[in-house]
Amino acid sequence: MTNKKNKLLSPCIRINNLTKYFGKSVAVKNISLDIYKDEFFAILGPSGCGKTTLLRLIAGLEVQETGEIYISNTDYSNSPPNIRPVNMVFQSYALFPHMTVRKNIEFGLKIDGLNKKIIESKVTEVLHLVKMYDHIDKYPNQLSGGQKQRVALARAITKNPDVILLDEPLSALDANLRREMQIELSNLQKSLGITFVLVTHDQDEALSIASRIAVMNEGEIVEVSSPDEIYESPKDIFTAKFIGKINILEGKIKKIDDTFVYETIDYGLINIPTNKNNPNSFTIGIRPEKISVRKTCSSKQDDISVKGEIIEWNYYGNINYLIVKTSNNSDLYVHMQNKTKSSIKDLKKEPFIWLTFNVKDLMIIKKNTTQRT
Amino acid sequence: MITKKKLITRNGPLEYAKIKWLKYLAILFFIILYAPIINLIIFSFNDSKLNIVWRGFTVKYYFKALHNETLILSFFNSLSIAFISTIISTLIGLSAAICLWKFNFRLKTYYELSLLVPIIIPEICMGVAMLIFFNSVNWPTFTIWPLNLSEIIIAHISFSFPFVVIIIRARLGNLNKVLIEASKDLGATEWIVFKYITFPFIKPALIASSLLAFILSLDDFIITFFTSGPNNITLPVKIYSMVRFGVSPEINAASTILIIIVIISTILIVKLLNYEKDLK
């Protein structure tokens with residue numbers, strides 16, 4: 001759901017009915033998309049969904065079959081990459097191996113024909129910004145993965161483009177460094193005020209740094225929303241399943257006196273809030289962390305409790321990933337925080353446990369989309 | 001304390017270099033391979049008209065060779081041919097390699113295979129073919145340098161440029177195309193991409209392949225023999241004609257000079273090809 005304030009702004013990138021084939025297979029299927037100024041926009045999808053192709057189309061590194069690309073209100077649909085006001089950070093960094101860090105960054109500025117003093121000051125400034133000034137005279141093969149990443153980023157920033165495109169920039173870094181870089185990327189985007197478009201297959205990455213996310217599957221955009229909308233109330237079953245673990249509650253919809261009721265075997269009748277524009281055919285799901293594990297049944301209003309037996313423990317220190325078999329033989333994923341030192345030991349003693357969740361935490365998801373997994 | 005045990009050194013399964021009999025065998029092969037060449041070089045300093053018995057050290061045959069006008073002329077011809085054919089075959093080869101790397105066209109694989117023909121075809125056939133060709137087109141006889149050498153130059157280009165193509169093509173195959181995309185993304189035109197990305201990347205291969213073309217041209221005897229006239233012979237052809245009147249140390253001296261030029265060029269090629277590895 002794009003907020004209204006954004007809609008009034010003119011989009012930084014406007015994509016109209018973009019289609020790209022590779023041979024007979026379609027990589028990008030009739031995509032239309034607006035990306036606004038100063039956004040940190042993420043394109044999220046499984047590998048092979050066409051997200052990188054979409055990014056390369058924006059950069060001009062691929063040529064589309066049909067459709068238009070506008071960047072800052074100018075039609076760049078048929079322009080070569082060297083005249084588009086976008087710069088890309090490649091997955092493999094693509095630093096020039098025979099040039100030092102300084103030369104790598106100067107490259108784009110020299111093409112613009114700037115004078116030496118301006119180039120010098122710009123290079124210094126941008127290298128301080130990404131904290132790589134100490135490595136200015138090193139060659140790329142003398143740098144670590146994270147350092148190469150910073151240089152690649154600096155090289156893209158230094159030309160001060162309208163948009164910076166990032167193609168899975170953090171996928172080659174180890175988990176800790178990735179987290180660190182995510183925060184830095186996000187801060188950098190805010191301080192620079194340049195539109196960032198990030199392509200990633202990492203849900204956490206998209207959720208944590210993007211201001212808006214487009215979920216892609218099989219060449220199409222499934223849903224565009226803010227991170228919390230996408231996680232908490234996805235409109236599409238593919239989004240719901242891709243963005244995190246989800247328990248789908250099997251059941252049927254019934255309409256009693258203008259209110260929808262979801263009839264399940266395990267959890268009885270569930271009243272669906274009517275204030276939402278519920279699609280005609282929907283399914284109901286709940287995220288694993290919204291379910292709490294208790295020793296007793298909850299009697300609070302709007303709470304649903306179900307008895308179950310833990311059949312699988314996955315201990316991760318701060319969190320437990322559990323699979324619980326309910327009395328009606330359906331499995332539920334449950335994420336349980338280890339709030340006390342003894343929480344596992346206590347739980348393991350119990351022969352069975354009660355799972356409790358609130359009706360408000362249920363997600364209503366459109367069902368009639370094509371079968372996807 | 002760890003008690004000192006006597007270390008038994010055993011060879012690992014892949015440490016062939018440590019096997020003694022293999023070492024001796026290798027040395028034997030080296031001797032067989034290089035003895036004639038070393039012999040040739042040593043006897044170029046022999047103070048005897050007949051090259052059979054060692055009669056003492058002298059460099060007078062080098063001076064004699066340097067004062068042999070036809071020998072010097074043939075040496076000058078050899079160098080001219082090598083320089084000119086190297087420049088032209090490098091330029092053609094570079095263009096062909098870039099073309100093969102950049103573009104896809106019909107029958108490309110067959111074209112690439114056809115490049116091998118000048119390499120695999122027997123030199124004698126190539127020589128005869130060249131002879132017949134220049135006769136049938138009535139190639140004019142020039143008297144001014146370097147046009148008097150045009151037939152040999154053309155023949156040399158035809159067999160040396162495929163080597164240039166193959167070496168540069170192989171190097172280009174290693175060029176990460178993302179680098180080209182990145183430079184275009186940063187605003188580079190085709191020319192800037194070539195000048196700052198592609199050319200620096202292939203430079204070692206370019207120099208190595210042109211040195212190879214130079215050596216091939218300098219060394220060639222058979223094809224040159226068929227395409228040279230009486231007034232434009234090269235050093236190898238001259239040496240051959242001298243041998244027919246008996247082997248004198250002068251020939252040894254001339255051959256030694258040729259060998260030294262070739263060895264220096266080869267060392268340069270090897271160094272430059274190793275330089276490629278450092279860049280990665």
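Of the contacts in chain A between residues at least 6 apart in sequence, 64% join residues at least 24 apart. The model is predicted, and the predictor assigns the complex an ipTM of 0.82 and a pTM of 0.79.

**Chain A overall**

- Chain A contains 10 helices and 21 strands.
- The C-alpha trace of chain A spans about 75 × 50 × 40 Å along its principal axes.
- Chain A has 373 residues, of which 38% are buried.

**Helix H5 of chain A**

- Helix H5 of chain A covers residues 145-157, 13 residues in total.
- From its first C-alpha to its last, H5(A) reaches 18 Å, which is close to the 18 Å expected at 1.5 Å a residue.
- Because 10 of its 13 residues are buried, H5(A) is largely enclosed by the rest of the structure.
- The buried residues of H5(A) run from Lys148(A), Gln149(A), Arg150(A), Val151(A) and Ala152(A) through Leu153(A), Ala154(A), Arg155(A), Ala156(A) and Ile157(A).
- These buried residues pack against three helices of chain A, namely H3 (101-111), H4 (116-129) and H6 (175-192).
- The buried residues of H5(A) also pack against strands S6 (86-89) and S7 (163-167) of chain A.

**A three-stranded sheet in chain A**

- Strands S11, S15 and S21 of chain A form an open sheet of 3 strands in the order S11-S15-S21, with antiparallel pairing.
- Strands S11 (247-249) and S21 (363-366) of chain A stand at the edges with a single partner strand each, so one side of each is left without a neighbour in the sheet.
- On average, and with direction ignored, neighbouring strands of this sheet are turned by 45 degrees against each other.
- S11(A) is joined by 3 bridges to strand S15 (residues 282-286) of chain A, and the two run antiparallel.
- Asn247(A) has Ile286(A) of S15(A) as its bridge partner.

**Contact between chains A and B**

- Chain A contributes 17 residues to the contact, and chain B contributes 16 residues.
- On the side of chain A that touches chain B, S6 and H3 of chain A each supply at least two residues.
- H3(A) provides the largest share of that side, with 3 residues.
- By residue class, the side of chain A that touches chain B comprises 10 nonpolar, 5 polar and 2 charged residues.
- Both S6 and H3 of chain A are also among the elements against which the buried residues of H5(A) pack.

**Confidence in the prediction**

- Chain A has a mean pLDDT of 87, with 93% of its residues at 70 or more.
- The pLDDT is below 50 over residues 1-7 of chain A, a stretch that has 4 contacts in the model beyond near neighbours in sequence.
- The pLDDT is also below 50 over residues 369-373 of chain A, where the stretch has 5 contacts beyond near neighbours in sequence.
- Where pLDDT is low, the predicted coordinates should not be read in detail.
- Chain B has a mean pLDDT of 88, and 96% of its residues reach 70 or more.
- Among the elements of chain B, helix H12 (residues 249-279) has the lowest mean pLDDT (80), whereas helix H8 (residues 177-185) has the highest (94).

Definitions and conventions: Residues numbered from 1 in each chain as written. Chains lettered and ligands numbered in written order. Predicted model: local features only at pLDDT ≥ 70, side-chain atom pairs only at ≥ 80, totals over all residues. Pairing = 2+ DSSP bridges. Helix = DSSP H or I, 4+ residues; strand = E, 2+ residues; numbered from the N terminus. Axes fitted to C-alpha atoms, helices over the stretch in contact; angles between N-to-C directions. Expected span 1.5 Å × (residues − 1). Buried ≥ 20, exposed ≤ 12 C-beta atoms within 10 Å, placed from the backbone. Contact = placed C-beta atoms within 7 Å. Nonpolar A, V, L, I, M, F, W, Y, C, P; charged D, E, K, R; others polar. pLDDT = per-residue confidence, 0-100.
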